[in-house]
Amino acid sequence: MLPSISLAQEIGLAVLLVAAFVWFTGLRHVREESHFAHPDPAAAKGLPTIPAQRGSAAHPMESVELTEAEKQAFAGLIRTISLT
């Protein structure tokens, strides 16, 4: 028994130490069992990179020609957004 703390504090300290020991033992067990898949370093080297962005003339389906009325409506929308 420690002379400077009460019996309730000693019991609390003992429970805390037992819980920490159980947690540490369980964590070590999980890591040893390898329940979690570790990434394979060789697989990361073979991953493709993100392709470069294509220009506006890359494919005709990726661009749309606007009519003059649509261009004016868009310009008006941009003016109202930039004012706020």
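This is a predicted model: local features need pLDDT of at least 70, side-chain atom pairs count only at pLDDT 80 or more; totals for chains, interfaces and linings use all residues.
Q: Where is confidence lowest, and where is it highest?
A: Begin with the chain as a whole. The protein chain has an average pLDDT of 79, and 63% of the residues score at least 70. Then go element by element. Helix α1 (residues 7–33) has the highest confidence, with a mean of 90. Helix α2 (residues 41–45) has the lowest, with a mean of 60.

Q: How many of the 84 residues are buried, as a percentage?
A: Burial is counted under 20% relative accessible area. By that cut-off, 2% of the residues in the protein chain are buried. The accessible surface is about 8,300 Å². Carbon and sulfur atoms account for 68% of that surface.

Q: Which residues make the nonpolar surface patch?
A: Phe 74, Leu 77, Ile 78 and Ile 81 make the patch, which covers about 390 Å².

Technical notes
Residues are numbered from 1 along each chain as its sequence is written. Side-chain values use heavy atoms; hydrogens and water are left out. pLDDT is the predictor's confidence in each residue, from 0 to 100. Helices (H or I, at least four residues) and strands (E, at least two) are DSSP runs, numbered from the N terminus. Buried means under 20% relative accessible area, exposed over 50%, partly exposed in between (1.4 Å probe, protein chains only). Accessible areas come from the Shrake-Rupley method with a 1.4 Å probe; for residues, only the protein chains shown count as cover. Patches are made of residues with over 30% relative accessible area and no salt bridge: like charges are joined within 9 Å, nonpolar side chains (Val, Leu, Ile, Met, Phe, Trp, Tyr) within 5 Å. A salt bridge is a side-chain nitrogen of Lys or Arg within 4 Å of a carboxyl oxygen of Asp or Glu.
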